[in-house]
Amino acid sequence: MAIKDQPQPPRFRQISNVLLLLSSLFLLANIFLPNLFGPQIPQVPYSLFVHQIQEQDVVRASVGQNEIRYQLKGEGDKPGQVLSTTPIFDLDLPKLLQEKGVEFAATPPSKNGWIGSVLSWVIPPLIFVAIFQFFMNRGGGGPQGALSIGKSKAKVYVEGESAKITFADVAGVEEAKTELVEVVEFLKTPDKFTAIGARIPKGVLLVGPPGTGKTLLAKAVAGEAGVPFFSISGSEFVELFVGVGSARVRDLFEQAKKQAPCIIFIDELDAIGKSRSTGGMYGGNDEREQTLNQLLTEMDGFAAGNTTVIVLAATNRPESLDAALLRPGRFDRQVLVDRPDLSGREAILNIHSQTVKLGPDIDLKAIATRTPGFSGADLANLVNEAALLAARNKRLAVAQEDFLEAFERVVAGLEKKSRVLNEKEKKIVAYHEVGHAMVGAAMTGGGEVAKISIIPRGMAALGYTLQVPTEDRFLLDESELRGQIATLLGGRSAEEVVFGSITTGASNDLQKATDLAERMVTTYGMSKVLGPLAYDRSQQSFLGDGMGNARRAVSAQTAEAIDQEVKEIVETAHKQALDILKENRELLETITSKLLETEVIEGEKLHDFLTQVKPVDKVSAVV
Ligand code: ADP
Ligand code: MG
Ligand code: ZN
């Protein structure tokens, strides 16, 4: 597909631009080069003029309001030089001229005067227009100017000019694809549906986290359907000038209706579709509301005719959309474009590694297993990172090793060999990471510990423990969450067990552990004291009060109870971690000294170590 711009602006606008330019030049020339259109006459001071009269050098003078021109006496046959001066208010001048016998007259009004006065009326407004246009062009982008602010800037994808995106380029979102295949059917053979009286849906909303392929899917629909595809981003409707957005919406639908059957794709719909009730403390945004209203009107508008225009839209914040957009007859179909599952990730990796050379040892399935929660865009990025690493290592094909390193780069950041730790710090980091690993191995819920490393990485990590899930999990139970919290606290606990003191290195762990515990209490209703109530509101931001209060209004006692519960969960997990490490103290020492020696432990070796971790009796877990 290729992107084509709007049709060129009408011819007369180009002509008017040329005229504008010429007249501005003329004006500038008049200001800065007043004598451009006449002979050059030397300017002299008024005092010299008077002196020359007194010396009787002047033959004749022509006295105007702004200029006096005069001619000196010539020598022999040659006519004298013509000079000019600027008059001052001098009532004695006529008398003086007469006395010295100079022939003089007042300058007749200039014959060109009317041009000057017309220009002085015409040019300033033209300059205004020019400035206005300049800003319009900048704001509007592209070749359109003042006369087309209200034109939509939708790009039209035209088929067949370059590589087409089809459904084959999208993987891991099978349900969404099934829905959209149907949309393509509507566009290709609307009669099949209208014949039995079915109403063709007008709006399809693609909902999902960023990078899951919503934009890609919309392009694929266009590629498959072979109809014109108008693509515009929600933010492009909203501009500096009030009323522009709604004019653009109107224009977009007008164009689309002319080209039906076709698709309109509005990316990032939330930019205009935000709920009108959540103005928050700043009041509503009139311009956005008008644009939204226009969109609603247009979507109702083409119900009447039998035009097949389907509006696709994408958003990653469906909860913030105005309810009016979601009602039947508008975006009544919502298609969830979710993060891919295991097989989906493998398929996406497959698609994106088609263009890179893969070595014989590549196991994309193993990589897919390691990457739950990755979106399509993350996976595409991973493949590219791996290819870059292979190139840097001067390999001819990408090896599995490159993928694993790329994965670590993505989750933990770049290796920072330059960040040199002293011996003591290194030791602390090693115990800390082994602590995470051992608690992680003893508890369920966190997946398998795959690697421990004390090579610094990324912005903050001095060392890290890589825990990879063995399967995709959609539900976690309470004990698994508690296990995760204990694992997070494992690092700090190891420091406590070994050194009896704590360093600053654990702050990020504590943050995560506390967040998780708070969610257990306020969102998942896992606290026996507080019961199955949702105290947290951040998940449903349209109910928020617009002032950033994420919690339901609760009594002081409840707030205290929540804090108490969160604290209890974290402390229990802490105690569990301490118990595990104390119980396995010798193993902690063994693994740590090995880690200090090799800096990295992974694979078989690590597995052997961690299977030796003795779980602690449940008894101690109950406080
Ligand atoms: P969104 O619009 O949902 O934020 P995009 O469609 O812009 O995400 O995805 C960005 C890029 O990520 C795509 O161009 C594509 O290369 C890759 N990608 C995302 N999802 C998928 C998918 N499901 N299948 C294949 N590639 C994908
Ligand atoms: Mg997008
Ligand atoms: Zn840690």
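This passage describes the surroundings of two ligands in a predicted model, followed by a few individual residues. In this predicted model, local features require pLDDT of at least 70 and side-chain atom pairs count only at pLDDT 80 or more, whereas totals for chains, interfaces and linings use all residues. Residues are numbered from 1 along each chain as its sequence is written, chains are lettered from A and ligands numbered from 1 in the order in which they are written, and side-chain values rest on heavy atoms, with hydrogens and water left out.

Ligand 1 is surrounded by 14 residues, of which Ala171, Gly211, Lys214, Thr215 and His352 are the closest; a residue is taken as near a molecule if one of its heavy atoms lies within 4 Å of it. A polar backbone atom of Gly211 lies 2.7 Å from an oxygen atom of ligand 1, a polar side-chain atom of Lys214 is 2.8 Å from an oxygen atom of the ligand, and an N or O atom in the side chain of Thr215 is placed 2.6 Å from an oxygen atom of ligand 1. Taken alone, ligand 1 exposes 550 Å², and the protein buries 78% of that area, as computed by the Shrake-Rupley method with a 1.4 Å probe, where for residues only the protein chains shown count as cover.

Three helices, α7 (214-225), α12 (342-352) and α14 (376-392), each supply at least two residues of the shell around ligand 1, and α7 gives the most, with three residues; helices (H or I, at least four residues) and strands (E, at least two) are DSSP runs numbered from the N terminus. At least three residues of the shell come from each of domain 3 (155-336) and domain 4 (344-412), the bounds being those of an automatic or database domain assignment.

His432 and His436 both belong to helix α16 (residues 423-442), where they are four residues apart, about one turn of the helix. His432 is buried, with a relative accessible area of 6%, and His436 is likewise buried, at 10%, where buried means under 20% relative accessible area, exposed over 50%, and partly exposed in between (1.4 Å probe, protein chains only).

Glu268, with a phi of about 50°, is located in the loop between β9 (262-267) and α9 (270-273) and is partly exposed, with a relative accessible area of 36%. Lys394, with a phi of about 55°, is placed in the loop between α14 and α15 (400-412) and counts as exposed at 73% relative accessibility.

Elsewhere, Glu480 in helix α17 (residues 478-499) counts as buried at 10% relative accessibility, and its side chain reaches the backbone nitrogen of Asp477 at 2.9 Å.

Key. A polar contact is a pair of N or O atoms within 3.5 Å; within protein, one must be able to donate a hydrogen and the other to accept it, and residues adjacent in sequence count only if both atoms are side-chain atoms.
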